[in-house]
Amino acid sequence: MAENILVIGGGPAGLHAAIELAELGVNVSLVERDTFFGGNPKKFKYKYLFPDLQPADNVIGELVKRAESNNNIKKYLSANIESFKEDGKKFNAVIKSSAGSETKTFDSVIVATGFEHFDPAKDSKYSYQLFDDVIDIKDLERMMGEGNFTRPSNGKPPKNVAIILCVGSRDRHVGNQYCSRVCCTVSVKQAIELREHFPETEVYIFYMDIRTYGFYEDLYWEAMEEHDVQIVKGRVAEITSGPDNTVICKGEDTLLRGPFEIPFDMVVLASGMEGGPQSPEMAEKLGIELDEHGFLKQANVTLSPFKSNKDGIFLAGACTGPKAIADAIVEGGAAAMKAYIYAKKNS
Amino acid sequence: MEYDENGVSIVSNDFKKEIFEEAKKDFRYEEYVKGCLNCGVCTGGCPPHRFFDFSPRMVLQNCKSNDPALVWGMMDEYVWACFQCFTCAMICPFLNNPGGVIAILREISVRRGFESAKKVLKPYSRVLLKLTAYGNQLSPDMIQPDFFPDWGPHIGYASEDLPLKRKAIPMPTLQVTNLAWDVAPEAMKELYTIFDEAGVFKIIEVVDPSLYEIIQDIVDDVRSE
Ligand SMILES: Cc1cc2nc3c(=O)[nH]c(=O)nc-3n(C[C@H](O)[C@H](O)[C@H](O)COP(=O)(O)OP(=O)(O)OC[C@H]3O[C@@H](n4cnc5c(N)ncnc54)[C@H](O)[C@@H]3O)c2cc1C
Ligand code: SF4
Ligand code: SF4
Ligand code: SF4
């Protein structure tokens with residue numbers, strides 16, 4: 001008899017885990033709360049992915065297609081885990097979806113519930129939602145994805161754009177001391193895209209540290225050398241309204257200019273990643289632990305990052321912390337293997 | 001006192017260390033100095049930074065350097081550039097308090113009667129006199145060009161014909177130029193007790209001994225009334 005494995009969350013990590021298990025002949029139940037699969041990249045219509053700027057559809061579309069065409073995966077959309085109970089080495093879960101409630105027994109479980117974008121409105125110094133021309137990286141991804149990048153205030157192309165890093169990350173005021181890891185690379189990628197599509201638009205990036213780690217550094221160099229993106233060291237202290245329908249970024253250029261107040265047509269906030277409400281919700285429902293950053297806790301951050309503290313429940317993707325899609329996919333595969341071994345041993 | 005090319009008074013390395021240790025021993029220090037990522041948010045929001053070569057980021061960085069010479073470098077002119085508005089403390093993403101550190105350093109400077117403290121407090125000796133002796137803060141007769149250059153080019157005109165100008169104010173005043181409001185002797189005695197207990201008189205004795213004597217004469221008079 002085939003194993004039954006539950007995968008919660010249909011983003012890159014959950015999709016990949018489900019596909020791998022299905023190919024091993026496992027009966028997979030893939031539970032997604034949204035009306036579609038693909039996770040945050042799909043929800044916010046990411047168009048081109050770092051590091052190589054390939055179309056997001058190559059990755060996300062491909063994963064969704066593979067999952068959808070595999071008959072070993074039972075797909076639940078607009079669904080959630082209504083209740084969850086351990087039963088010896090197995091797990092009983094009630095899955096609620098538009099089709100009604102279904103009770104099933106599983107040999108093991110993979111949690112891949114991902115992250116939420118930090119809401120920049122929570123940090124008043126950035127005046128998000130106060131000024132139309134202050135947007136954040138997910139808004140920009142969506143605008144670029146939909147092909148309508150213009151100033152929200154007047155529908156015209158901006159003369160200059162400021163990208164502000166570390167919004168909602170590395171900031172004790174908002175409760176997030178950690179680095180969100182991908183926003184530097186996303187921002188540098190967006191700066192390049194902006195300069196490519198709108199060569200007349202000047203692009204500035206305000207940073208504390210540029211963390212385009214590993215090979216992502218190539219994008220940083222490209223932004224400077226090929227696209228003349230202005231990279232200024234200093235965190236913006238305040239955003240106020242300026243003359244001629246501009247927004248003023250005020251701060252200290254700690255290396256070159258000293259104090260500055262520069263009017264911009266548009267500001268893009270590189271808001272970071274949070275564990276979202278789903279992480280504590282999963283922790284509570286499944287009886288697993290939450291870490292001090294608000295993400296799900298890994299059994300051992302180095303040895304077994306894809307295990308929860310509970311036997312038979314495995315973790316994959318951004319639910320354990322900020323990471324790139326490639327990492328989420330790798331973890332989906334690793335968690336699938338672990339969940340398979342656990343199921344095999346106990347079924 | 002001798003000064004180096006940066007206008008910083010020349011003292012021994014041991015003395016610099018002693019001052020830095022005194023600052024670090026202050027019960028507030030640990031709370032005010034945490035990690036600093038050199039981000040410049042504090043300086044971006046700091047009003048005097050627009051006018052002087054002064055930066056709360058540097059205050060925090062100098063402290064984090066653990067180099068007593070860098071901290072000493074701020075003891076003369078530098079710490080007096082701060083407005084003590086605490087914008088920096090409000091906006092630092094890492095919950096540092098550069099303005100608070102400056103308060104600690106200033107207090108050391110005042111307690112020890114450093115030249116810079118005396119110089120900065122000089123124009124305020126009249127305020128200190130008014131405040132500690134009479135429970136008033138500023139009264140019209142204190143507006144004099146020598147003492148308030150920061151009031152701008154009209155200070156000369158503003159300080160002339162005070163009694164007449166006072167009469168021209170279209171609302172009730174005491175019609176005197178040496179007081180802004182009346183303070184009852186009982187209230188003054190209570191103020192003296194507070195100043196005694198809080199060490200205010202002691203500080204004045206260190207930074208301005210002659211002012212201290214004048215104040216004490218007045219205090220004695222009021223107390224014996
Ligand atoms: C602006 C931005 C741009 C980015 N661009 C790139 C890029 O170009 N290249 C790159 O490699 N990475 C990029 N990333 C990172 C990338 O988004 C993540 O690595 C990836 O989305 C993580 O995948 P995931 O499956 O772990 O989580 P998610 O994408 O968050 O997917 C989680 C899924 O779980 C579902 N879910 C949540 N809670 C529940 C629940 N209780 N029940 C059922 N389902 C639930 C969600 O609806 C979602 O579909 C970017 C990130 C940001 C913020
Ligand atoms: S990745 Fe860059 S922008 Fe994002 S939190 Fe880290 S340093 Fe800040
Ligand atoms: S307290 Fe001092 S250092 Fe801090 S912002 Fe105000 S003036 Fe600047
Ligand atoms: S705002 Fe805080 S962390 Fe940033 S430079 Fe100032 S003291 Fe350092």
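The model is predicted.

**Entry: domains of chain A**

I began with how chain A is divided. Domain 1 of chain A takes in 4-115 + 275-346, and domain 2 of chain A covers 118-272. I then looked up how far apart the two are. Their C-alpha centres lie 32 Å apart. At the contact I found 16 residues from domain 1 of chain A and 18 residues from domain 2 of chain A.

**Entry: the area between those domains**

The size of an interface is often given as the accessible area lost when the parts come together, so I turned to area next. Domain 1 and domain 2 of chain A bury about 1,600 Å² between them. Carbon and sulfur atoms carry 67% of that buried area. Which residues of domain 1 of chain A lose the most area to domain 2 of chain A? I noted F44(A), F50(A) and P322(A), which together make up 38% of what that side buries.

**Entry: charges and polar pairs between those domains**

I checked the same interface for salt bridges, and the rule finds one between domain 1 and domain 2 of chain A. I also looked up the pair K45(A) and E146(A). They form a salt bridge, with their closest N and O atoms 3.1 Å apart. I sorted by class the side of domain 1 of chain A that touches domain 2 of chain A. That side has 10 nonpolar, one polar and five charged residues.

**Entry: ligand 1**

I moved on to ligand 1 and found 33 residues around it. Which of them come nearest? My list reads E32(A), N40(A), F50(A), A318(A) and K323(A). F50(A) was already in my notes, as one of the residues of domain 1 of chain A that lose the most area to domain 2.

I then looked for backbone atoms beside oxygen atoms of the ligand. At A318(A), a backbone N or O atom lies 2.7 Å from an oxygen atom of ligand 1. At A13(A), a polar backbone atom is 3.0 Å from a ligand oxygen. At F115(A), the distance from a backbone N or O atom to an oxygen of ligand 1 is 3.2 Å.

**Entry: chain B against chain A**

Next I took up the two chains. I found 19 residues of chain B in contact with 17 residues of chain A. The chains bury about 1,500 Å² between them, 56% of it on carbon and sulfur atoms. I counted two salt bridges between chain B and chain A. I looked up R57(B) and E252(A), which form a salt bridge with their closest N and O atoms 2.8 Å apart.

**Entry: domains of chain B**

Last, I looked at how chain B is divided. Domain 1 of chain B is 13-111, and domain 2 of chain B is 121-224. Their centres, taken over C-alpha atoms, are separated by 30 Å.

Terms used. Residues are numbered from 1 along each chain as its sequence is written. Chains are lettered from A and ligands numbered from 1 in the order in which they are written. This is a predicted model: local features need pLDDT of at least 70, side-chain atom pairs count only at pLDDT 80 or more; totals for chains, interfaces and linings use all residues. Side-chain values use heavy atoms; hydrogens and water are left out. Domain bounds come from an automatic or database domain assignment. Contact means heavy atoms within 4.5 Å. Buried area is the accessible area (1.4 Å probe) that two parts lose on being put together, summed over both. A salt bridge is a side-chain nitrogen of Lys or Arg within 4 Å of a carboxyl oxygen of Asp or Glu. Ala, Val, Leu, Ile, Met, Phe, Trp, Tyr, Cys and Pro count as nonpolar, Asp, Glu, Lys and Arg as charged, and the others, Gly among them, as polar. A residue is near a molecule or strand if one of its heavy atoms lies within 4 Å of it. A polar contact is a pair of N or O atoms within 3.5 Å; within protein, one must be able to donate a hydrogen and the other to accept it, and residues adjacent in sequence count only if both atoms are side-chain atoms.
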